[in-house]
Amino acid sequence: MAGIVRRIVQCTTCPQAIGPYSQAVIAGNTMYISGQLGLTPGSKTVVDGGVEAQTEQALKNMGEILKSQGIDFNNVVKCTVLMADLNEFQRMNGVYAKFFPTKHPARAAYQVARLPLDAAVEIEAIAVLGHIVDDVSHL
């Protein structure tokens with residue numbers, strides 16, 4: 001009986017994990033991307049500028065993980081956004097929309113008591129590997 005192949009993703013162009021977890025794991029043709037903070041690559045420092053700057057950097061970091069596997073934001077099918085203050089939702093959303101301008105992935109957003117390194121936002125995602133073909137028959 002053949003098993004499902006699991007591969008650990010190690011991206012060298014984005015911040016390394018700050019704990020005992022992988023940046024991403026691929027199982028079959030699905031990539032599970034760990035929560036990304038707005039960390040400056042090569043450091044464990046959260047960027048200055050509040051929720052907007054942190055959202056942008058977190059998504060840039062995610063983009064590097066996607067790129068390391070030859071895919072991009074179009075391959076993302078689900079995101080989860082964790083926020084320290086849901087009152088900042090519209091500011092986060094404005095930046096988020098730049099990375100997902102059309103064909104938006106499914107998403108959930110939650111306010112949490114606290115994020116690692118006292119970050120304002122953390123974003124995790126699920127992406128599929130391969131060429132995406134959109135079904136437009138229902139439109």
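Contact, in this talk, means heavy atoms within 4.5 Å. Keep that one in mind.

Now the model. This is a predicted model, where local features need pLDDT of at least 70, side-chain atom pairs count only at pLDDT 80 or more, and totals for chains, interfaces and linings use all residues. Residues are numbered from 1 along each chain as its sequence is written, and side-chain values use heavy atoms, with hydrogens and water left out.

Start with the layout. The chain has 2 helices and 6 strands. Both kinds of element are DSSP runs, numbered from the N terminus: helices are H or I with at least four residues, strands are E with at least two. The order from the N terminus is β-β-β-α-β-α-β-β.

Next, the overall dimensions. Along the principal axes, the C-alpha atoms fill a box of roughly 45 × 40 × 25 Å.

How much of the chain is buried? Of the 139 residues, 37%. Buried means under 20% relative accessible area, exposed means over 50%, and partly exposed is in between, with a 1.4 Å probe and protein chains only. The chain exposes about 7,900 Å², and carbon and sulfur atoms supply 54% of that. Those areas come from the Shrake-Rupley method with a 1.4 Å probe; for residues, only the protein chains shown count as cover.

Contacts also reach along the sequence. Take those between residues at least 6 apart: 69% of them join residues at least 24 apart.

A word on charge. There are 11 positive and 12 negative side chains, and the centres of the two sets lie 5 Å apart. Lys and Arg count as positive, Asp and Glu as negative; His and the chain ends are not counted. Each charge is placed at NZ of Lys, CZ of Arg, CG of Asp or CD of Glu.

On to the inside. A nonpolar core is a set of buried Ala, Val, Leu, Ile, Met, Phe, Trp, Tyr and Cys residues joined through side-chain atoms within 4.5 Å. The largest one has 28 residues, and Met 31 and Leu 66 touch the most other members. Which elements supply at least two residues each? Strand 2 (24–27), strand 3 (30–36), helix 1 (50–67), strand 4 (76–83), helix 2 (89–99) and strand 6 (121–128). Helix 1 gives the most, with 6 residues. Apart from this core lies another, of 6 residues, among them Leu 37, Leu 39, Leu 82 and Leu 115.

Look at Leu 66 itself. Leave aside neighbours within four places in sequence, and Leu 66 is in contact with Met 31, Ile 33, Ile 71, Asp 72, Phe 73, Val 76 and Ala 127.

Now some single residues. Cys 11 first. Where is Cys 11 found? In the loop between strand 1 (6–9) and strand 2. Cys 11 counts as buried because its relative accessibility is 3%. Leaving aside neighbours within four places, Cys 11 is in contact with Gln 16, Gln 23, Glu 64, Ile 65 and Ser 68.

Then Val 25, in strand 2. Is Val 25 buried or partly exposed? Partly exposed, with a relative accessible area of 23%. Not counting residues up to four places away, Val 25 touches Arg 6, Arg 7, Ile 8, Thr 30, Met 31 and Tyr 32. Val 25 and Gln 10 are 15 residues apart in sequence and 9.0 Å apart in space, C-alpha to C-alpha.

Gln 57 lies in helix 1. Gln 57 is buried, at a relative accessible area of 15%. Its contacts, leaving aside neighbours within four places, are Leu 37, Gly 38, Leu 39, Pro 41 and Val 47.

Last stop: the loops. Lys 103 sits in the loop between helix 2 and strand 5 (106–111). Lys 103 has a positive phi of about 45 degrees, although it is not a glycine. With a relative accessible area of 55%, Lys 103 is exposed. His 104 lies in the loop between helix 2 and strand 5. His 104 counts as exposed, at 58% relative accessibility. From His 104 to Asn 74 is 30 residues in sequence and 8.5 Å in space, C-alpha to C-alpha.

Finish with Leu 117, in the loop between strand 5 and strand 6. Leu 117 is not a glycine, yet has a positive phi of about 60 degrees. Leu 117 counts as partly exposed, at 43% relative accessibility.
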